[in-house]
Amino acid sequence: LLLQARWLDQINDAVIVSGGNLVISAWNPAAEKIYGWKAEEVIDKTGEQVLKTEFLSQSRAQALQRLQETGEFSAEIVQLRKDGSPVNIETRTVALRDESGHVTGYVSVNRDITERKRSDAALKASQEQLLSLIKQAPISIAMLDREMRYIVNSQRWVTDYGRGYTDLTGRSHYDIH
């Protein structure tokens, strides 16, 4: 048990343990770092009271129902830090059961994916800018995949080489020529 306690202190993901009533009973140092709350501030409160969770793909009721029915729940959610700032979280919650199979509590492992979300958004914006630049270029430009299907092309390419097509995206270069 001592070794397991040390492991929990070294994990970079928030590990939150709650009873069957969803009242927090354990909060590791990574949870303190991610959320800004000290363990003594959250023990004996519900996660909802502390973290104000926003479920993105389903409602809170649906998430709790899934947890009750299957004993597990995984999703991307948004929660609030102590200072009120949002944090994007990838959560995995599983039911803890006694010897007879009755749920005695839950353990959630929460990973801060805020930076990953920012990077994904920046990459998407950059890709959209590149596609826009290609489409609007005053010269003939085309980008094809390995099977020689058009990914994107400039309007000038369509005018010069499109053979009457108005949109080449997804079409095979060999079918057109």
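The talk below covers the sheet, a loop residue, the cores and a cavity in this predicted model.

Visitor: What makes S1 and S2 a pair of strands?

Guide: Two strands pair if there are at least two bridges between them. S1 (residues 14–19) and S2 (residues 24–27) have three bridges, in the antiparallel sense, so they count as paired. One of the bridges joins Val17 to Ala26 in S2. Four residues lie between the strands of this hairpin, and Leu22 takes a positive phi near 70 degrees there.

Visitor: What makes S5 and S6 a pair?

Guide: Nine bridges, in the antiparallel sense, between S5 (residues 86–97) and S6. The cut-off is at least two, so the strands pair. Across them, Glu90 stands opposite Arg111 in S6. The hairpin has five residues between its strands, and Gly101 takes a positive phi near 90 degrees in it.

Visitor: Why are S2 and S3 called edge strands?

Guide: The open sheet of six strands has the order S2-S1-S6-S5-S4-S3, with antiparallel pairing. S2 and S3 (54–55) each pair on one side only, and that makes them the edges.

Visitor: Why is Asp13 called buried?

Guide: Buried means under 20% relative accessible area. Asp13 has 12% relative accessibility, so Asp13 counts as buried. Its place is in the loop between H1 (2–10) and S1. Leaving aside neighbours within four places in sequence, Asp13 is in contact with Asn28, Ala30, Val109, Asn110 and Arg111.

Visitor: What makes a set of residues a nonpolar core?

Guide: The residues must be buried, of nonpolar kinds such as Ala, Val, Leu and Ile, and joined through side-chain atoms within 4.5 Å. The largest such core here has 22 residues, and Ile16, Trp27 and Tyr35 have the most contacts inside it. Elements giving two or more residues to this core include S1, S2, H2 (29–35), H5 (60–70) and S4 (72–80). A second, separate core has five residues, among them Tyr150, Trp157, Val158 and Leu168. In soluble globular proteins, nonpolar side chains tend to be buried together.

Visitor: How do you know that Ile16 is in contact with Tyr106?

Guide: Contact means heavy atoms within 4.5 Å, so the pair must meet that limit. Beyond its neighbours within four places in sequence, Ile16 has Tyr106 among its contacts, along with others including Ile24, Trp27, Tyr35 and Leu51.

Visitor: Why is a space inside the structure called a cavity?

Guide: A 1.4 Å probe fits in a cavity but cannot get out. Of the 24 residues that line the largest cavity, Leu22, Gly47, Arg60, Thr93 and Ser108 are the closest to its centre. S1, H4, H5, S4, S5 and S6 each supply at least two residues of the lining.

Visitor: How many residues of each class are in the lining of the largest cavity?

Guide: The lining has 13 nonpolar, nine polar and two charged residues.

Key:
Residues numbered from 1 in each chain as written. Predicted model: local features only at pLDDT ≥ 70, side-chain atom pairs only at ≥ 80, totals over all residues. Heavy atoms only, no water. Buried < 20%, exposed > 50% of the residue type's maximum accessible area, 1.4 Å probe, protein only. 1 Å grid on protein atoms, 1.4 Å probe; cavity = no way out; pocket = protein on both sides within 12 Å on 5 of 7 lines; lining within 4 Å. Nonpolar A, V, L, I, M, F, W, Y, C, P; charged D, E, K, R; others polar.
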